[in-house]
Amino acid sequence: MTTTLVIGLDGHESGERVLDYGKRMAGLIKDSELLVVYVVEWSPYSFQTPEENAQRHKRRDEEISLATERVIDPALAKLKEAGVNARGVVRHGHVADILNAVAKEEGAEQIIVGRASNQGLVDRLFGSSTSTLVMSAHVPVTVIG
Amino acid sequence: MRKIFIALLVQIAAIAAVGPALAQEAMSLDAQVNQTFAAVTGPFVSFIFAPIPGTSFPWIVMWLVIAASIFTIYFGFVQFRFFGHAISLVKGDYSDPNDAGEVSHFQALATALSGTVGLGNIAGVAVAVGIGGPGATFWMILAGLLGMASKFTECTLGVKYRNEYEDGTVSGGPMYYISKGFKQLGIPGGKPLAILFSIFCILGALGGGNMFQANQAHAQISGIVGEYPGWITGVVFAVVVFAVIVGGMKSIARVTEKVVPFMGIMYVAAAIIILAVNYDQIGWAFGQIFEGAFTGLGVAGGFVGALIQGFKRAAFSNEAGVGSAAIAHSAVRTKEPITEGVVSLLEPFIDTVVICTMTALVIIITGQLIVDPATGDYMMNGSMIATVGGTSGVALTSAAFGSAVSWFPYVLAIAVILFAFSTMISWSYYGLKAWTYLFGEGKTTELIFKLIFCAFVIIGAAASLGPVIDFSDAAIFAMAVVNIFALYFLMKLVKQEFYSYRERLASGEIKKFKG
């Protein structure tokens with residue numbers, strides 16, 4: 001049976017280290033697949049102008065193709081080069097929720113993410129996406145420093 | 001027709017543009033704008049509010065109420081039976097996770113609400129209670145409940161017949177469902193009707209969606225800083241609106257969109273606190289509302305006066321049957337147009353049954369309306385009920401809140417300005433959609449409309465309340481004349497959708513994704 005590992009990328013420099021670690025893990029497991037996930041931060045409960053609503057579908061498509069082009073494709077290219085079996089996906093929502101949901105859907109063994117890339121005031125008050133994920137995930141989470 | 005219409009708009013816009021130079025004339029600029037405006041719009045206003053022969057009851061009010069009642073019966077009291085389902089939909093219980101990132105039901109509802117919750121709820125209710133007495137509240141609530149069915153009908157159609165363009169953007173609203181729906185049913189006349197609707201929609205956008213807002217925002221500001229010419233407020237507002245709709249200053253719009261819901265919640269919270277403090281009078285206030293609803297308690301026109309005011313202000317506030325919400329709701333991405341109709345029925349509920357009622361209760365409970373101790377009826381000051389500070393409109397609401405919480409008028413002033421602003425942004429979009437329906441999509445045609453829209457902000461702030469409120473009401477109700485006429489033909493299409501949806505929901509074919 002294939003072992004799936006979910007790799008959460010946020011487009012920051014820690015992504016390289018996350019990918020490297022994923023690659024190493026994939027090498028250790030006999031039949032494995034890496035699922036590279038990029039989450040576009042989005043809430044169904046935000047407030048928008050009528051004009052933004054009318055253009056939402058278009059913007060969503062643009063966001064997905066931009067994330068695929070800038071984050072997912074380069075990561076997949078690097079993994080394929082190293083001979084690792086990998087897929088990519090872009091989703092909208094909250095990072096922690098989506099990574100957890102994808103891991104559940106795919107029956108993944110673990111989630112690998114980078115340490116929170118910015119430690120602003122909001123993160124300190126409410127916790128970063130990474131800390132939320134660690135607290136709420138249904139599978140083991142590895143945080144790369 | 002098109003040329004005459006543009007000529008008229010340009011003429012009125014020109015009056016605003018040459019404004020400051022005229023201020024030196026014997027008559028003040030504000031007075032001139034006022035006089036010209038009243039003269040130009042007079043005949044249109046008289047037609048819309050013409051009474052049914054032999055009565056004093058405006059035919060337009062009857063038109064709206066009958067329509068809302070017919071839709072209520074035709075769809076089997078959908079507003080009560082599907083109320084819980086509407087809340088589930090807004091919570092996202094039925095949203096497919098794969099559609100994340102599209103416009104959610106919540107967002108479509110919030111956007112439509114920010115276009116309707118505003119001055120209608122604060123100033124409009126004060127006008128209703130000030131003229132029609134507490135009894136107007138009863139009719140307002142009833143109109144709000146019935147109006148939920150009208151909203152359901154038009155918003156379902158808005159989603160079903162919207163235009164989806166290749167680039168992924170959408171345009172929807174009555175002009176689209178009228179022309180496409182009539183064509184589908186093989187009924188002639190869809191296109192001319194859609195054009196007529198668009199013309200009224202542009203007037204409504206410039207009237208209720210713009211001038212009334214600018215006017216009341218000015219009243220609110222001058223109530224705090226002292227009297228000064230209205231055109232100054234108008235120019236400031238026009239510049240900010242210009243920055244957003246022409247300059248693409250999304251940041252301003254975004255800040256407003258975030259602050260407005262917060263203000264709305266704060267407004268209701270303040271009202272609840274005032275009611276809680278005066279809890280012993282709530283029973284008395286409801287007594288006044290029920291008694292006044294059927295007797296009028298001495299107001300001009302008796303109970304009919306209360307009824308007319310209640311229905312009028314409810315329609316103006318929640319816009320059910322007007323067709324504007326159908327434009328806002330049509331952006332939602334759903335496979336089932338009915339779901340958006342169901343969600344939209346919450347709009348008149350929140351707007352009218354909750355928020356408007358709060359305003360009315362606060363005005364009544366804080367004793368703003370002067371009662372004649374001898375008769376127990378209200379003291380009249382002309383056609384209006386005499387108030388403690390001699391105030392009307394938004395100033396009356398402000399006085400009511402201020403009598404309980406002394407600093408609240410300042411918060412209310414900020415709320416009014418923000419509500420006015422967000423309503424203007426919403427209506428600039430509704431008006432624009434009607435405009436592009438008539439003249440085609442394109443940068444230049446869009447810019448012309450946006451400039452006219454900004455010019456009307458100045459006129460609205462400068463004119464006095466009477467003519468502005470008359471024109472705003474007339475223009476918005478004119479939209480309802482065309483929209484409801486079309487809805488009578490199109491409602492059977494909604495029924496087909498509704499029955500099919502209801503069956504699939506009962507059979508479990510339509511599933512919850514969470515909850």
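Two residues are in contact if their C-beta atoms, placed from the backbone, lie within 7 Å. With that in hand, welcome to the views below. This is a predicted model, in which local features need pLDDT of at least 70, side-chain atom pairs count only at pLDDT 80 or more, and totals for chains, interfaces and linings use all residues. Residues are numbered from 1 along each chain as its sequence is written, while chains are lettered from A and ligands numbered from 1 in the order in which they are written.

**View 1. Chain B as a whole.** Among the contacts in chain B with a separation of 6 or more, 80% join residues 24 or more positions apart. Chain B holds 22 helices and four strands; helices (H or I, at least four residues) and strands (E, at least two) are DSSP runs, numbered from the N terminus. Along the principal axes, the C-alpha atoms of chain B fill a box of roughly 65 × 55 × 50 Å.

**View 2. Helices α9(B) and α14(B) cross.** The axes of α9 (residues 135–160) and α14 (residues 282–295) of chain B come within 6 Å and cross at roughly 85°. Axes here are lines fitted to C-alpha atoms, for helices over the stretch in contact, and angles run from 0 to 180 degrees between N-to-C directions. Gly135(B), Thr137(B), Phe138(B) and Trp139(B) in α9(B) meet Ile289(B), Phe290(B), Gly292(B) and Ala293(B) in α14(B). By class, this contact has five nonpolar, three polar and no charged residues. Ala, Val, Leu, Ile, Met, Phe, Trp, Tyr, Cys and Pro count as nonpolar, Asp, Glu, Lys and Arg as charged, and the others, Gly among them, as polar.

**View 3. Where chain B touches chain A.** The contact takes 27 residues from chain B and 21 residues from chain A. On the chain B side, the largest share, five residues, comes from α7(B). That side has 12 nonpolar, 10 polar and five charged residues.

**View 4. Phe77(B) in its loop.** Phe77(B) sits between α4 (59–74) and α5 (78–81) of chain B. Although not a glycine, Phe77(B) has a positive phi of about 55°. Phe77(B) counts as partly exposed, with 14 C-beta neighbours inside 10 Å.

**View 5. Glu319(B) in its loop.** Look between α15 (302–318) and α16 (324–329) of chain B to find Glu319(B). Its phi is positive, about 60°, although Glu319(B) is not a glycine. Glu319(B) is buried, because 32 other C-beta atoms lie within 10 Å.

Note on methods
Buried ≥ 20, exposed ≤ 12 C-beta atoms within 10 Å, placed from the backbone.
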